[in-house]
Amino acid sequence: MKKNQLNAMLLTAALSGLMGGTAIAAHAATQSPAQANTARLMKAGFRYDGTNAATPKHSCKGQNSCKGQGGCKSSDNGCKGKNSCKGKGGCATDGSKMPGHFA
Amino acid sequence: MSAGTMSLEQVQRAMAAAVMQPLTEDEQMRSTAADGRSMAAIAESLIAPNSRLSSFERLEIYNRQYWFRVLGALAEDFSALRAVVGARAFEAISVAYLTEHPSRSFTLRNLGSKLPEWLAQHPQMAGRRHRLAVDIARVEWAFVEAFDGAEHDPLTAEQIATLDGGSRLALQPHLRLLALEYPADEVVRGLHAGEKRQASEAGIASEEIEEAPAALPGIRRRPAWVAAHRVEHAVYYKRLRREEFVTLRCLSEGKPLADAIAAGFAESRLNEVQTARCLRAWFANWAELGWLCAPELELLMEGM
Amino acid sequence: MAGNRFNAYQDHGVGIGLRIPHYAHIFARKPVVDWFEIISENFMIDGGRPLAMLDRILEQYRVVQHGVSMYFGSVTPPDPEHLRRLKQLVRRTGTPWLSDHLCWGSVDGTYTHDLLPLPYTWEAVERTAERVRMVQDYLEIPVAVENVSSYAAFTSSQMTEWEFLTEVVERADCGILLDVNNIYVSAMNHEFDAMEYVNAVPAHRVAQIHIAGHSKYEKYILDTHDHPVIDPVWDLYARAIERCGPTPTLLEWDDRIPSFDEVHAEAKKAERYLHPQAATLTEAVG
C-alpha cells in the first residue's frame with residue numbers, strides 16, 4: 001500500500017472513530033445521568049480521590065493556627081511530643097496550662 | 001537600619017526574608033540570617049517586644065507558621081511522594097524546593113507546580129528511589145491539575161465533519177499526559193488505599209502514620225503511559241498505549257491530525273490493520289470522554 | 001436590619017463559613033441559613049468539583065465572598081491574574097460586598113500566604129488606602145477591610161491599630177469587616193484594651209462582623225478558629241452591635257470542625273444581641 005493510501009486509511013479510521021464516539025456521547029446525554037456515566041466511567045480508567053488535595057488550601061483562621069493547613073507539620077504527631085508548636089511557638093499539647101492564662 | 005528609618009517596602013522585604021528563612025533542625029528561628037547578621041538584631045530593628053515575648057520570639061512565631069503552613073500544603077499534595085521517600089527526606093526535599101521556589105502565586109494551590117521538575121534535577125534528594133520519586137511527584141501533580149482544570153466543550157459532530165489530515169485539535173485542559181519510567185499511578189493508588197485502611201483501623205488521621213519510607217514489594221522499572229483526567233468531577237488515571245500517548249501528545253502540541261497519527265505510530269510494531277483498528281477505538285474513546293476540543297483561536301491562526 | 005452602603009444595604013442576618021465537611025448535610029437537609037461566607041481563593045479556579053458545589057449552594061443560598069490574599073498593605077502591586085479571577089468569581093456569586101484583610105503578605109511577587117501585620121505608619125496608611133480604592137474601583141462592588149489577629153508589633157508604628165484602621169477606611173472610603181475575635185486576640189498579644197478598640201471604630205462603616213474562637217497558649221493567643229466564641233468576645237460583639245446597629249454577622253470555624261448543627265447553633269447565639277427582644281420573648285415562652 002502506498003504511503004498516501006495508508007495515511008488516508010488511517011485518517012479515515014481515526015475520523016470514523018471520532019464520529020462514532022461523539023455519537024455515543026450525544027446519545028448518552030439523552031439518557032439518565034446514571035446510565036450515561038456508567039458507559040463513560042468504564043472507559044475512564046481508575047478513579048483516584050487523592051488524599052487531601054481536594055480540600056481547600058485556604059482557610060480564614062488568620063492563617064496562623066497551629067493545625068491543619070496553617071500549622072504543625074503532620075510529622076509532629078498532632079502537635080504532641082515534639083517542640084515545634086509548644087511554648088512560645090504554638091499549639092498547646094494538652095491545653096492544661098493555657099485556659100485562663102490571660103483571663 | 002531601624003524600622004523607623006526604613007520605607008514600607010524595606011520593612012516588608014526584611015520581614016519576608018526573616019519569615020521565609022528555613023528553621024533550625026529543632027524548628028526554631030535561626031540565630032543568624034543568610035548574610036551573617038544576627039536575627040536578634042534584625043528582629044529588634046523591626047519588632048517591638050512585649051512583657052512576655054522578645055522581638056526575636058515574636059518574629060519567630062511568623063517564621064515557624066510560614067514553614068508549618070507551606071510544608072503542610074506540600075505534604076497534602078504529595079502524600080505518596082512523602083510515603084515513598086519517608087517523612088525525613090520529604091521534609092528535606094520540601095525545604096530545599098521551597099527555598100529555591102517560594103510561592104509566586106496568590107494561591108497555595110500552585111505551590112508544588114515546579115516540584116516534579118525540580119526533583120528530577122536534584123537526584124541526591126531522593127536517594128535510590130529518585131526516578132520513582134520523580135514519577136510519583138508527576139502523578140500527584142497531575143491529580144491537582146486534573147482536579148480543578150478547565151473543561152471546554154468537546155468537538156461536535158458538525159465540527160468533526162469538517163476535519164481532514166491538516167486539522168489541528170486541542171485536548172481537554174484538565175487532561176494531563178504522563179510518560180513514566182515506573183507504574184507510579186499504581187503506586188500512588190496503592191499507597192493511598194493502604195493509608196486510608198491503616199488510618200481507619202488505627203482510628204487516627206492518615207498523616208500521622210508511616211514516617212519511614214513505605215515498603216514497595218515488587219516495584220520494578222516498567223514504562224507506563226498515563227492520562228490523568230476528570231469525569232463528573234472525579235479524577236481518573238487511564239493507562240494508554242505508547243502509540244496512543246504519542247498521538248495525543250502530538251495533538252496537544254498543535255501538530256496536524258495526520259502528522260500526529262504518523263508520529264504516534266512511527267516506531268510501532270503494529271501492522272496496518274491493527275493500527276487502523278486501534279485508531280478507530282482510541283478516537284472513539286477519546287470522543288466519548290470528551291478529550292478532543294477545537295483549538296484556541298491563536299493556534300488556528302498559527303496554522304494558517 | 002437597615003444595612004449601609006458598605007454592605008449594599010443588605011439585611012443578611014447571621015451566617016456561617018461554608019466548609020466542605022458540611023456539604024453533605026447542607027445538600028441533604030437544606031437547612032435554613034441566612035447566608036454563607038466563602039473563601040474566594042478556594043473557588044478562583046478554572047473548573048471541577050469546587051465550582052460545581054458552589055453553584056449548587058448558590059441555587060439555594062446567599063453567598064458573600066471573603067478573601068485571604070489581596071494583601072491591601074503589600075507594596076508590590078496586585079497580580080492582574082488574581083484580580084481577573086476575583087472579578088470572575090464576583091460575577092458568579094453575585095456577592096453584594098467583598099472583604100479581605102488589612103495586612104500584607106507578599107513582596108516582589110513572592111507570597112508568604114500569611115496575614116502579616118503592617119507597621120501603623122502614615123506611609124502604610126496612604127499605600128493601603130490607595131490599593132483598597134483601586135481594588136474597589138476594579139471590582140465595582142463595596143469592599144470591606146478586616147482587622148487581623150497579630151503576634152508582632154512594629155517599632156516604627158506611629159499610631160494605634162484602630163487609628164490606623166480608621167485612617168485607611170476614611171481615605172479609601174470603604175467598609176470595615178470588624179472581627180471582634182481578632183480584636184480580642186490582638187489585645188491580649190499587644191496588651192491593649194479591646195473595648196477601647198471597639199469604641200473607636202467608625203461604626204457607620206462597619207459592613208460585617210466576624211466572630212470566632214481562638215486558642216490560648218502560654219505566652220500568647222492564636223487565632224485558630226477551632227473553638228466556640230468565648231464570653232469576652234461576645235461582650236465585644238454586644239458593644240459593637242450597640243454602636244453599629246444590627247450588622248451582618250458571620251461565625252468562622254476552620255479547624256476541628258464540628259457538625260453543621262453545632263456550628264450553626266453557635267452562630268445563632270449572635271441573635272441574642274441582634275434581636276434582644278425576640279430572644280427574651282423566646283426564653284419567656286420557651
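Modeller: Happy to. Keep in mind that this is a predicted model. The part I'd pick is strand β5 of chain B, residues 234-240. Is it buried or exposed for the most part? Six of its seven residues are buried, meaning under 20% relative accessible area, so β5(B) is largely enclosed by the rest of the structure.

Now for the strands it pairs with. Within chain B, seven bridges tie β5(B) to strand β4, residues 224-231, and the two run antiparallel. To find your place in that pairing, look for Val226(B): its bridge partner in β5(B) is Arg239(B). The two strands form a hairpin with two residues between them, and there Glu232(B) takes a positive phi near 50°.

The chain has two helices and one strand, and along the sequence they come in the order α-α-β. Of its 103 residues, 41% count as buried. Among chain A contacts with a separation of 6 or more, 8% come from residues 24 or more positions apart. The accessible surface of chain A is about 5,100 Å², with 58% of that belonging to carbon and sulfur atoms.

Key:
Residues numbered from 1 in each chain as written. Chains lettered and ligands numbered in written order. Predicted model: local features only at pLDDT ≥ 70, side-chain atom pairs only at ≥ 80, totals over all residues. Heavy atoms only, no water. Buried < 20%, exposed > 50% of the residue type's maximum accessible area, 1.4 Å probe, protein only. Helix = DSSP H or I, 4+ residues; strand = E, 2+ residues; numbered from the N terminus. Pairing = 2+ DSSP bridges. Contact = heavy atoms within 4.5 Å. Areas by Shrake-Rupley, 256 points an atom, 1.4 Å probe, with all protein chains shown as cover.
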